[in-house]
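Student: I would like to learn how to read the features of a structure like this one. Could you walk me through it, please?

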Amino acid sequence: MLKRIVIVFLILFISCKKEPPDSDGDGIIDSEDQCPELVGTAAYQGCPSYTLTVNINPSEGGSVSPTTGLHKHGTTVSLTATPAGEYVFSTWSGDATGSTLTASVNMMSNKSVIANFVKKDTDGDGVTDDIDKCPETPSGQDVDQDGCSDSQKDTDGDGVTDDIDKCPE
């Protein structure tokens, strides 16, 4: 009889053992959960993961590292834009801002970032290098659709540039 009482007591004692708390119900006990107030996964120590989507505009303008992927709640992702040959980096848009090659995104939710690139215009005349027939236009001069100013053209072929030619025909 004493054995039966001891067995019943042991069963009651073992079955009454309290489980450690799991406040968010994600299956990871609070003492091991880095985000006990948020439902997460074991892969991220109990924290949720969020998707960072990276787009490039235009698609041939360059690249961004890292690319689209999952990141742990609360982490800061550092992005770096690298322009392709005929492009320069312009700006970040979406969930990142700025005009430097690097940007940081704090992953507190899903984020979407766009890296914007533009074609090079080395002489700053408003005509991109890939179609500029006069790539060394002096600063401040008006240009035509080919990127040439009057100081660079000789319309009548007499060896005198149009800006100083008294007989342009």
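**Reading the rings, core and disulfides**

Tutor: Gladly, and let us begin with the rings: a search of the whole structure finds two aromatic pairs. Rings of Phe, Tyr and Trp (its six-membered ring) pair if their centres lie within 6.5 Å; planes under 30 degrees apart count as stacked, over 60 as edge-to-face and the rest as tilted. F89 and W92 form a tilted pair, because their ring planes stand at 55 degrees, with the centres 5.1 Å apart.

Student: Before we go on, what kind of model is this, and how are residues numbered?

Tutor: This is a predicted model, in which local features need pLDDT of at least 70 and side-chain atom pairs count only at pLDDT 80 or more, while totals for chains, interfaces and linings use all residues. Residues are numbered from 1 along each chain as its sequence is written, and side-chain values use heavy atoms, with hydrogens and water left out.

Student: Which class does the pair of F89 and F117 fall into?

Tutor: That pair is edge-to-face, because the planes are at 80 degrees, and the ring centres are 5.5 Å apart. The pair links distant parts of the chain, as F89 sits in strand β5 and F117 in strand β7, 28 residues apart.

Student: Are F89 and F117 buried or exposed?

Tutor: Buried means under 20% relative accessible area, exposed over 50%, and partly exposed in between (1.4 Å probe, protein chains only). F89 has 13% and so is buried; F117, at 4%, is buried too.

Student: How do strands and helices get their numbers?

Tutor: Helices (H or I, at least four residues) and strands (E, at least two) are DSSP runs, numbered from the N terminus. Here the chain has one helix and seven strands, in the order α-β-β-β-β-β-β-β.

Student: What does the largest nonpolar core look like?

Tutor: In soluble globular proteins, nonpolar side chains tend to be buried together. A nonpolar core is a set of buried Ala, Val, Leu, Ile, Met, Phe, Trp, Tyr and Cys residues joined through side-chain atoms within 4.5 Å. The largest one in this model has 17 residues, and L52, L79, W92, V105 and V113 have the most contacts inside it. At least two residues of this core come from each of β1, β4 (76-83), β5 (87-94), β6 (102-106) and β7.

Student: Which residues does V113 touch?

Tutor: Contact means heavy atoms within 4.5 Å. Leaving aside neighbours within four places in sequence, the contacts of V113 include L52, V54, L79, W92 and V105.

Student: How many disulfides are there?

Tutor: A disulfide is a covalent bond between the sulfur atoms of two cysteines. The rule used here asks for a pair of cysteine sulfur atoms within 2.5 Å, and the count comes to two disulfides. In the link of C35 and C47 the sulfur atoms are 1.9 Å apart. C35 and C47 both lie in the loop between α1 (2-15) and β1 (49-57), 12 residues apart.

Student: And where do C134 and C148 lie?

Tutor: Their sulfur atoms are also 1.9 Å apart. Both cysteines lie in the segment after β7, so the pair ties together parts 14 residues apart in sequence. C134 and C148 are both buried, whereas P135, at 46% relative accessibility, counts as partly exposed.
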